Amino acid sequence: MQVPAFVDALKTYAHTISAFTLRQYRYDQPVAGSPWLSMPSSYLPYPAVIQRTVQDLLMWDRAYWLVVNRAWDGFPTEFQVMRVEDVSDLTNNRTVGVDVNAYPPVDPFYWNGQQVPSSDVVKFYGDGSGGWLRCGATAINTAAALEAATLNYSEYPMPTVVLKNNGPDLPAGQVDLLLEAWEEARTNRASAYLNATIDAKAMGWSARDLALVEARNESAIQIARLANLDPSWLGAGVAGSSLTYSNRVDLYRSLLDNSLRPVMDLISHRLSMPDITPRGNAVRFDTSGFLRGNAADLGALVAQLVPLEVLTAEEARAVIDLNTLGLTPTSLPMMGG
């Protein structure tokens, strides 16, 4: 998490997906959904639940929810996120710990050191690659090493300096005092004075030789490949790239179809399974607002479809997010008796 490109990739997925609401459908028709779709946890807001779930899926190739409450019919009404780092495989001499590949999770299942019933554990499965932390370990470690090198260079921007004593050897204590005085003086001024006994010799590489800017950009590109993102989402540039988008909708459509959709399906399809959602019902993320065009484009679309009776006036207001435009005081429902 000290690699900016890696954190940026995680946020691109987690923050974007958490902005989509979950809706329930019955035979592809929208219906009133269960209350937990908008508030799955009583102590974490909806975006926080989805963000933690997406992050675990991406990093570890799995994620866990714990069923906290159930309705009279046995379907869950409240969940709690169990971070993968808190799911323990600590065992005693009679158990085998958590089997990360088992479905459904088998007993015993440990969370924060406590055993919980596996029947109350909702497991989300990734794509089977092992997660970014496994299949992208080399790219992440390389990026982390470059960040460490950049930090080291920022603290010591000058090449390594060796002070050579041409006179008699100095005691270790005096050598330490000499080096401390040299480093303190260099923080105050760039110029240095040497006597006939001490020589200074630079060793190491210059900033140009290190090429840290180029190396960090290439590292960010590798992280983007790991995350299946266009490098532009991580602020990385590709030499000779001429990728352009005609408008914001095309840019977002590419991100949604190529990157976000597979991860969203892992979550929505799991929540649509019959142990959580009644048969015949499905849970999906609503991405309509994400792909909404600008006002001019939407107005032109509505102007074409309403005369053809493809859209009604009420549907057109919903498309352009003006569904209350036609409401007047006389058309509002009466309140009270």
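How many of the 5 residues of strand E8 are buried? The close-ups below start there; bear in mind that this is a predicted model.

**View 1. Strand E8, residues 121-125, and its partner E3.** Here's the count: 4 of the 5 residues in E8 are buried, so the strand is largely enclosed by the rest of the structure. E8 is joined to strand E3, residues 62-70, by 5 bridges, and the two run antiparallel. To get your bearings in this pairing, look for Arg62, which stands opposite Tyr125 of E8.

**View 2. Helix H2, residues 46-60, tucked into the structure.** With 12 of its 15 residues buried, H2 is largely enclosed by the rest of the structure.

**View 3. Asp61, between H2 and E3.** Once H2 ends, Asp61 follows, sitting in the loop that leads from H2 to E3. Asp61 has a relative accessibility of 14%, under the 20% cut-off, so it counts as buried.

**View 4. Asn228, another positive phi in a loop.** Now hop over to the loop between helix H7 (212-226) and helix H8 (248-271), where you'll find Asn228. Its phi is positive at about 55°, and Asn228 isn't a glycine either. Is Asn228 buried or partly exposed? Its relative accessibility is 45%, so Asn228 counts as partly exposed.

**View 5. Thr16 and the residues it touches.** Thr16 belongs to helix H1, residues 4-18. At 16% relative accessibility, again under the 20% cut-off, Thr16 counts as buried. Which residues does Thr16 touch, leaving out those up to four places away in sequence? They are Lys11, Leu260 and Phe290.

Technical notes
Residues are numbered from 1 along each chain as its sequence is written. This is a predicted model: local features need pLDDT of at least 70, side-chain atom pairs count only at pLDDT 80 or more; totals for chains, interfaces and linings use all residues. Side-chain values use heavy atoms; hydrogens and water are left out. Buried means under 20% relative accessible area, exposed over 50%, partly exposed in between (1.4 Å probe, protein chains only). Two strands pair if DSSP finds at least two bridges between them. Contact means heavy atoms within 4.5 Å.
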